Amino acid sequence: MRVAVLSTGDEVVEAGRPVSPGRIHDANRPMLLQLIRECGAHAVDLGIVADDPDSLRQAIAHAATIADAVITSGGVSVGEADHTRVLLARLGEVAFWKVAMRPGRPFAFGPLRRPQGQAPSWLFALPGNPVAALVTFYAFVREALLVLAGAPAAPPLSMQVRSAAAIRKRPGRTEFQRAVVERDGAGQWVARLTGAQGAGILRSLSEANALLVLPHDQGPVAAGEPVEVWLFDGLV
């Protein structure tokens, strides 16, 4: 199974190259390419595409002809230069979702048309912030790729542990916090957050070994309360 990956945005610069003010390195594409390989699929790197409707349309249309699935990051929000969601509607039957989750609210999914007689190529359009891209990959993409490849469905490896500290949370959306799962002084498994949880803070990922999942209807979490975690071990 072939999965094409591309990043979008005039502000995105290839990793390792110098950046000028207002520009950032592309952290998403290397991360997504590795996650795809961990799913057992062949990852196809299509680079960075500028915030230009014609360039983006050509890139996505080309990706659909060479891959069974296409993953983009960036360009699915509501900004003036966020063309992806408009183009997707022209290239296939794609629903644009504002998912009640944090991080990862902007997300699009659906089939892209291919030449007559061929099965569609499936499009997963992820948010541009690196943490949001990873969370939406785990929540929506990883298991779908396994099924598309003919493998058994395999949800994330999860377990119940105790929260090491109180966590703020309002009902009304699912939240994914970056955490470290470890044993406390009494030998019990606990989860502690990795500090600031902003969607663009890569440090919150690099120091984590799990995602702490707070369900839609969950309110504040008290210290010592049971919580669900999705473990990174075996996934990356």
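User: By relative accessibility, does Val 180 count as buried or exposed?

Analyst: Val 180 has a relative accessibility of 10%. The cut-offs are under 20% relative accessible area for buried, over 50% for exposed and partly exposed in between (1.4 Å probe, protein chains only). Val 180 therefore counts as buried.

User: In which strand does Val 180 lie?

Analyst: The model is predicted: local features need pLDDT of at least 70 and side-chain atom pairs pLDDT 80 or more, while totals for chains, interfaces and linings use all residues. Residues are numbered from 1 along each chain as its sequence is written, and side-chain values use heavy atoms, without hydrogens and water. Helices (H or I, at least four residues) and strands (E, at least two) are DSSP runs numbered from the N terminus. On that numbering Val 180 belongs to residues 174-183, strand E11.

User: Which residues does Val 180 touch, leaving out those up to four places away in sequence?

Analyst: A contact is a pair of heavy atoms within 4.5 Å. Lys 98, 82 residues apart from Val 180 along the chain, has its C-alpha 28 Å from that of Val 180. With residues up to four places away not counted, Val 180 touches Val 190, Ala 191, Arg 192, Thr 194, Glu 207, Ala 208 and Asn 209.

User: What is the C-alpha to C-alpha distance between Phe 176 and Pro 103?

Analyst: Phe 176 is also in strand E11 and is buried, at 6% relative accessible area. Its contacts beyond four places in sequence include Met 101, Arg 102, Pro 103, Val 135 and Trp 230. Phe 176 and Pro 103 are 73 residues apart in sequence, yet their C-alpha atoms are separated by 6.8 Å.

User: What is omega for the peptide bond from Arg 102 to Pro 103?

Analyst: Pro 103 sits in the loop between strand E7 (101-102) and strand E8 (106-112). The bond that joins Arg 102 to Pro 103 is cis, with omega near -10 degrees.

User: What is the relative accessible area of Phe 124?

Analyst: Phe 124 is part of strand E9, and its C-alpha is 6.0 Å from that of Ala 108, 16 residues apart along the chain. Not counting residues up to four places away, Phe 124 touches a set of residues including Val 70, Ile 71, Phe 107, Phe 109, Phe 140 and Leu 145. Phe 124 is buried, with a relative accessible area of 2%.

User: Which elements are included in what covers the buried residues of helix H1?

Analyst: In H1 (residues 28-38), the buried residues are Asn 28, Arg 29, Met 31, Leu 32, Leu 33, Leu 35 and Ile 36. After H1 comes Gly 40, with a positive phi near 85 degrees. The cover of the buried residues of H1 includes strands E1 (2-8), E4 (42-49), E5 (69-73) and E9 (121-126) and helix H4 (130-148).

User: Which residues does Arg 29 touch beyond four places in sequence?

Analyst: Arg 29 is in helix H1. Arg 29 is buried at 4% relative accessible area. Beyond four places in sequence, Arg 29 touches Val 5, Leu 6, Ser 7, Glu 14, Asp 45, Gly 47 and Ile 48.

User: How do the residues of the contact of H1 with H4 divide by type?

Analyst: The axes of H1 and H4 are 11 Å apart at about 25 degrees, which makes H1 roughly parallel to H4; axes are lines fitted to C-alpha atoms, for helices over the stretch in contact, with angles from 0 to 180 degrees between N-to-C directions. Roughly parallel is under 35 degrees, roughly antiparallel over 145, roughly perpendicular 65 to 115, and the rest oblique. Asn 28, Met 31, Leu 32, Leu 35 and Ile 36 of H1 meet Pro 130, Ala 133, Leu 134, Phe 137, Tyr 138 and Leu 145 of H4. With Ala, Val, Leu, Ile, Met, Phe, Trp, Tyr, Cys and Pro as nonpolar, Asp, Glu, Lys and Arg as charged, and the others, Gly among them, as polar, the division is 10 nonpolar, 1 polar and no charged.

User: How do the residues of the contact of H2 with H3 divide by type?

Analyst: The axes of H2 (residues 53-66) and H3 (residues 84-91) come within 10 Å and cross at roughly 50 degrees, which makes H2 oblique to H3. Pro 53, Leu 56, Arg 57, Ile 60 and Ala 61 of H2 contact Thr 84, Leu 87, Leu 88 and Leu 91 of H3. These residues divide into 7 nonpolar, 1 polar and 1 charged.

User: What is the radius of gyration of the protein?

Analyst: The protein has 5 helices and 14 strands, and 45% of its 236 residues count as buried. The radius of gyration is taken over C-alpha atoms, and the globule rule is 2.2 Å times the number of residues to the power 0.38. For 236 residues a compact globule would be near 18 Å, which agrees with the protein's value of 18 Å.
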